[in-house]
Amino acid sequence: MVVQNSADAGDMRAGVQLEPFLHQVGGHMSVMKYDEHTVCKPLISREQRFYESLPLAMKQFTPQYKGTITVHLWKDSTGHLSLVANPVKESREPFKVSTESAAMAIWQTLQQTTGSSGSACALAQWPHAQLACSPKESPAKALLRSDTHLNAPASSLVEDTNGNQVERKSFNPWGLHCHQAHLTRLCSEYPENKRHRFLLLENVVSQYTHPCVLDLKMGTRQHGDDASEEKKARHMRKCAQSTSACLGVRICGMQVYQTDKKYFLCKDKYYGRKLSVEGFRQALYQFLHNGSHLRRELLEPILQQLRALLSVIRSQSSYRFYSSSLLIIYDGQEPPERAPGSPHPQEAPQAAHGSSPSGLTKVDVRMIDFAHTTYKGSWNEHTTYDGPDPGYIFGLENLIRILQDIQEGE
């Protein structure tokens, strides 16, 4: 949706109305959808400097950095609040976001149905938000019907006007939860015409039909060097009470598409914090299970990329990736069954990013969230570390070992 910048009457440049990013499964900072291939998030200087000085070897394991934009709060004629971005100067034409956007429709309906107070709490309790529509109806219009209930139970059947069962698509509510909290904070702390800077990053799930996403908090330490004593103690407690301490990795959120029920099974960071080592292993197994069978063909390409990442991390002296996450992504939409005599999916060549050199099934492994990353030469650092990040390496080694166990059927 393209809107005019109402905050400054003299500035008539069109803006892009940002949408909540519906595939955000973890973190606390709101990630927004800018266009089909781009997301954005509030700018933190340390993270921007990391992307701008990124070692070449790490680029294949991080989202592409696309620069920054200016964002401001905007209220439409009906009183709905949203964030509007001024397109980057290099763009000749303003990016247009469809008014039929399912994400925007969900968000606006949430504002109508839950109100501004308490909505984040209510949203956090929903297993997932669902929307159903007939083949001729857009998702947004279906959502805005008065008889559509966002918190309908997953087991309910939905029928169209002809009595036919319609595929139901569900959305992970975590991104909406983060967006609500962010909007609430901006409304209370800043005036409506205040400008904010956002980072533009590659949308790493844009090429997947039903993106299955696992967000892993990596390392045995999560607090940055700049953390207060209170924050430091809080993060150390979370690590000690979770698999971060004994494995160097814990689950921060996930969504996995269930092909039998046609919706995403979603887990959040609170689920991940409570897992034992065996529970963590079972959660990894569940992430690779589509409700009917284990996607075994995914294990080798995931392991290949994790081993390649491990080699890269071992070669990066002085880097400490405190509080960063690792995303593992694959498509819940399985490829069509091959015809007799055609090459097996693991033998068919693929050129897309994320596929392994041997042509295995496409997956993506990406590092994200570098607000607390430190390295030699980074600005205003009081501590410089020698050698590669031991906590991150410890976590990667354990992750690889557990996935190998699953691959071997243990």
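This is a predicted model: local features need pLDDT of at least 70, side-chain atom pairs count only at pLDDT 80 or more; totals for chains, interfaces and linings use all residues.
User: Thanks! What share of the residues in the chain is buried?

Analyst: A residue is buried under 20% relative accessible area, exposed over 50%, and partly exposed in between (1.4 Å probe, protein chains only). Of the 410 residues in this chain, 53% are buried.

User: How many helices and strands does the chain have?

Analyst: Helices (H or I, at least four residues) and strands (E, at least two) are DSSP runs, numbered from the N terminus. This chain has 11 helices and 17 strands.

User: Which strands are joined to β10 by bridges?

Analyst: Two strands pair if DSSP finds at least two bridges between them. Strand β5 (residues 38-42) runs antiparallel to β10, with five bridges joining them; here V39 has L201 as its bridge partner in β10. Strand β6 (residues 65-75) is also antiparallel to β10 and joined to it by five bridges, and V71 has H196 as its partner.

User: Is β10 (residues 196-202) mostly covered or mostly open?

Analyst: Mostly covered: six of the seven residues in β10 are buried. As a general idea, side chains in a regular strand alternate between the two faces of the sheet.

User: How many aromatic pairs does the structure hold?

Analyst: Rings of Phe, Tyr and Trp (its six-membered ring) pair if their centres lie within 6.5 Å; planes under 30 degrees apart count as stacked, over 60 as edge-to-face and the rest as tilted. There are 15 aromatic pairs in this structure. One of them is F287 with Y330, an edge-to-face pair at 5.1 Å centre to centre, with 70° between the planes. That pair links distant parts of the chain, since F287 belongs to helix α9 (residues 277-287) and Y330 to strand β15 (residues 325-331), 43 residues apart. Both F287 and Y330 are buried.

User: Why is the pair of Y319 and Y375 stacked?

Analyst: The ring centres of Y319 and Y375 are 4.8 Å apart and their planes lie at 15°, so the pair is stacked. Y319 counts as buried because its relative accessibility is 7%, and Y375 counts as buried because its value is 10%. Both residues also belong to a cluster linked by ring pairs, made up of F50, Y51, Y65, Y319, F321, F370, Y375 and Y392.

User: Where do R221 and K267 sit?

Analyst: A charge sits over a ring if NZ of Lys or CZ of Arg is within 6 Å of the ring centre and within 35 degrees of the ring normal. R221 lies over the face of Y322, 3.9 Å from the ring centre. The charged end of K267 sits over the ring of Y271, at 4.8 Å from its centre.

User: How many disulfides does the structure hold?

Analyst: A disulfide is a pair of cysteine sulfur atoms within 2.5 Å, and this structure holds zero. For C239, the closest cysteine sulfur is in C252, 9.9 Å away, which is too far for a bond. C239 is buried, with a relative accessible area of 4%, and C252 counts as buried at 7%.

How values were computed:
Residues are numbered from 1 along each chain as its sequence is written. Side-chain values use heavy atoms; hydrogens and water are left out.
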